[in-house]
Structure formats: structure tokens, C-alpha cells
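Let's take a look inside a protein. Have the sequence and the 3D view open as you read.

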Amino acid sequence: MRLPTTTVLSLSALATLVLTGCSTGSTTSAEPASPTTAAPRKVGSNTAASAPLSSAALSKRLLDESDLGEDYSRKPQRPATHDDVTVIGCPALAKLGSSAATGTGLSFPRQAKASFTYAGGSDSEVSEELYSDTATKLSQGIGEIFDAMTACPTYQLVSGSIVIDMSTKQTAAPDLGDEQWSQLLTYAVGGQRSVVKQTAIRTGTILVVLSGAPALVDAHLADAVQAAQAR
């Protein structure tokens, strides 16, 4: 069983894509040095926009290959699936229901997404999501899911006969935008183990979520936030 990094990247398809990714893709198993201290979200004063943007406007603010470099290629977006996922061992996440476990609880209607493969390093991948709504709704929506996911150091996601062992660790986020959330996700299934990083930055009425190989997330996060603010 081989799992692509992006099977657990997207907050909009967290567990569902893990399950569907069991039959295709590649594995990114290198684990980075994990930070030892957790950092709470931080509120700043930057403002990207005074009103929510449309999905079309958000799509123009996504990173592309010219931003990332010649070793990156864009991946086609996978269609949404609706597998029934059960959370075991994390009451805070289970309380939010299956939609939160699969990330579909983050259902802002204005959104744009892109995923990329990095050919220069073990088929590593990075995924970007942009959402737009009022600052309050963005903060509440992403905060609720991150809080639930990091409330339990370990838990399991189950769909049918597939059991995914998950662990989460809150990590320090860079001082970008108005609010920041960041975590390391480790998942294991079928003898495979991978670590990905998710960092979310709210800048005004735009939420930037960058996920993937930790080194790639760290390398491109500032550019993603700048593009979301400026384009």
C-alpha cells in the first residue's frame, strides 16, 4: 500500500483522501525534526481585504509553477468523495462529526485549491487551499477544526476495513497575517508511515492553508501569504 503525501494534506479531504489514496501514488516517509514547543495562535493587525473574495478571484491568488520553481508540476484535482469515516479515541474530533474528521466541516463556499509534486526530492508534495469569508467566520471555522485535531495526541480514523493511526502535534507558526495555526500530522496505515505539516494563516478575509512535506511548507508559506494578499 502506497500513500501520497497529499492524501492527508487537504483540510477539505483529510481522511477521505487517505482512504482513496491507498491504491495509488507514492509515499513520502522522511520525517523532519519536530519542534518541541507548541505555540498558540497569534493575532496581528494585517488586513488583506475588507470583503470576502469570490472563488474566481481566489484562484488567481494561488501559487503556480512559476512561483515554486521548475522542479514542481501541478497535479489535477481529485473529485470529492463521501466515504463514511469514524473517529476513535478523540472525543473532541468525534464530537464535530464525520464532516470534521474528513475536513468537510471547513465548508466555506468561496475557495480555490492547487496541489503540486516536487520532483527534486522523493516525490514530495505540497498543497495550497485558499478560502474567503468574514474574518470571524474564517477564524472560528479553522480554529475549531485545528483545536479538535490537536486535542488528542493520537487517535484513529476508520472507514470500512481500513484503520489509519493518526497523531498530531501543535507547532509554532511564523508571524504572518492576522492569525496563525500549525501542526504536524503523522499517519500510519498498512505498514507505511508519513509526516506532513499543515499551516493556516488568516490574513484579513482570506485563509491560506499550506500542507505537505514540512520543508516545502516552510519554504513556500511566506510566498503563498504574499500572493494571497497582493494579487
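## A look at the inside

The residues around the largest cavity are Leu 63, Leu 68, Phe 116, Val 126, Ser 127, Glu 128, Leu 210 and His 220. Keep in mind that this is a predicted model. The volume of that cavity is about 40 Å³, and the structure holds one cavity of 30 Å³ or more. Strand β4 gives the largest share of the lining, with three residues.

Here is the lining sorted by class:

| Class | Lining residues of the largest cavity |
|---|---|
| nonpolar | five residues |
| polar | two residues |

Now for the packing. In soluble globular proteins, nonpolar side chains tend to be buried together. The largest nonpolar core here has 23 residues, and Leu 130 and Ile 206 touch the most other members. Two or more residues each come from β3 (110–118), β4 (124–132), β9 (206–212) and α7 (214–230). Of these, α7 supplies the largest share, seven residues. Another core, of 16 residues, lies apart from it and includes Leu 93, Met 149, Cys 152 and Leu 185.

The structure holds one disulfide. Cys 90 sits in the loop between β2 (86–88) and α4 (91–96), while Cys 152 sits in the loop between α6 (135–150) and β5 (154–159), so the pair ties together parts that are 62 residues apart in sequence.

Notes: Residues numbered from 1 in each chain as written. Predicted model: local features only at pLDDT ≥ 70, side-chain atom pairs only at ≥ 80, totals over all residues. Heavy atoms only, no water. Disulfide = S-S within 2.5 Å. Helix = DSSP H or I, 4+ residues; strand = E, 2+ residues; numbered from the N terminus. Core = buried A, V, L, I, M, F, W, Y, C linked by side-chain atoms within 4.5 Å. Buried < 20%, exposed > 50% of the residue type's maximum accessible area, 1.4 Å probe, protein only. 1 Å grid on protein atoms, 1.4 Å probe; cavity = no way out; pocket = protein on both sides within 12 Å on 5 of 7 lines; lining within 4 Å. Points joined across faces, edges and corners; volume = space filled by probe spheres on them. Nonpolar A, V, L, I, M, F, W, Y, C, P; charged D, E, K, R; others polar.
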